[in-house]
Amino acid sequence: MTQNPGRRLLLRSALTLAAAPALLPRLGRAQAPTGPFTLAPLPYAADANEKAIDARTMEIHHNFHHRAYVNNLNAAITRVPALANQPLEVILARLQEVPEDLRGVVRNNAGGHANHMMFWEIMGGRGGQPGGELMAAITRDLEGWDAFRTRFERAAMTQFGSGWAFVTVARDGKLAVVQRPNQDTPLMEGGRVLMGNDVWEHAYYLRYQNRRADYVRAWWDVLDWPKIEARYAAAKAGTLTI
Ligand code: MN
C-alpha cells in the first residue's frame, strides 16, 4: 500500500499522541483520563533529574510505587460502577460516593495516581524561576519569590510523616501553599494543583536518607517552569484537570 508522506507523518503523529498520554496535559487537555487507568512512561530519561533525584530512585518511584497506585485504583474503581468510567479528577472530587469499604483504597490510590502524574510532568527542567503571569502571581499572592520558596519548603519540611507540599491555583489565578498527608490532594476538595513535591521517604531516601531538607532544597533545580506556566494558564482557562 502506498501513502503520501504527509499523510503517513500525520498518522504517525496521531499514533504517537495516542500512545503518550503524558504529553496531553501540555496541549491543554480538558479531561483527565478515565478508568481503567494506565501508567504512562516517564516523559524524560530516568537520569533527567539527576541534579536533585538519582536515576534509580526515579525508576523505582515510577515503575513500582506509581504503578502500584494505578493497579490498586483499577482494582477498586471497577467495583464502583457510578464512578468507574469517570475522569480521575471527578473521582477525587466525589469520594463520598464511594462505598465506605472501598473509600480508603480509592482515596489513597486515585490520589497517588493524580499526584504522581503531576509530579513527573513538572520536572525534567532546568530550574531557575518562572516568568510572566506566574511570577506576577507569586509576587501578588505569596510575597515574592524568596518568601514563596521559604513557605513552600516549610510546608514540605513540616508535613509530618508521608505527604505532599502543593501550590494550589484558584480559577481567578490566586495561588496558595498547602500541605496534605499521605496521597491526599486539594483535588479532593474540588481545588486545582499548580505544582507539588512528594515528601514520602521513597522520593528521596536512596540519596538523602533522613535529610529531607536537602532534597526539598535541591528539588527546585529540576523544575520545568515553562510546563508549570502552562498549567497556570490552563487553570485560569478552566482546562487544568490533574
Ligand atoms: Mn511518591
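Analyst: The second largest cavity lies between two domains, because both give residues to its lining. These are domain 1 (55-122) and domain 2 (132-237). The model is predicted. Its protein chain has a mean pLDDT of 90. In that chain, 86% of the residues reach 70 or more.

Now the cavity itself. A search of the whole structure finds 2 cavities of 30 Å³ or more. Which helix gives the largest share of the lining? Helix H4 (residues 100-122) does, with 3 residues. By class, the lining has 5 nonpolar and 2 polar residues. No charged residue is part of the lining.

Next, the aromatic rings. The whole structure holds 14 aromatic pairs. One of them joins Phe 148 and Trp 220. This pair is edge-to-face. The ring centres are 5.5 Å apart, with 80 degrees between the planes. Phe 148 lies in helix H6 (residues 145-158). Trp 220 sits in the loop between helix H8 (212-218) and helix H9 (225-237). The pair therefore ties together parts that are 72 residues apart in sequence.

One stretch calls for care. Over residues 1-30, pLDDT stays under 50. For this stretch the model has 18 contacts beyond four places in sequence.

Notes: Residues are numbered from 1 along each chain as its sequence is written. This is a predicted model: local features need pLDDT of at least 70, side-chain atom pairs count only at pLDDT 80 or more; totals for chains, interfaces and linings use all residues. Side-chain values use heavy atoms; hydrogens and water are left out. pLDDT is the predictor's confidence in each residue, from 0 to 100. Contact means heavy atoms within 4.5 Å. On a 1 Å grid over the protein atoms alone, a cavity is a set of points where a 1.4 Å probe fits but cannot get out, and a pocket is an open set with protein on both sides within 12 Å along at least five of seven lines; lining residues have an atom within 4 Å of a point. Grid points are joined across faces, edges and corners, and a volume is the space filled by probe spheres set on the points. Helices (H or I, at least four residues) and strands (E, at least two) are DSSP runs, numbered from the N terminus. Ala, Val, Leu, Ile, Met, Phe, Trp, Tyr, Cys and Pro count as nonpolar, Asp, Glu, Lys and Arg as charged, and the others, Gly among them, as polar. Domain bounds come from an automatic or database domain assignment. Rings of Phe, Tyr and Trp (its six-membered ring) pair if their centres lie within 6.5 Å; planes under 30 degrees apart count as stacked, over 60 as edge-to-face and the rest as tilted.
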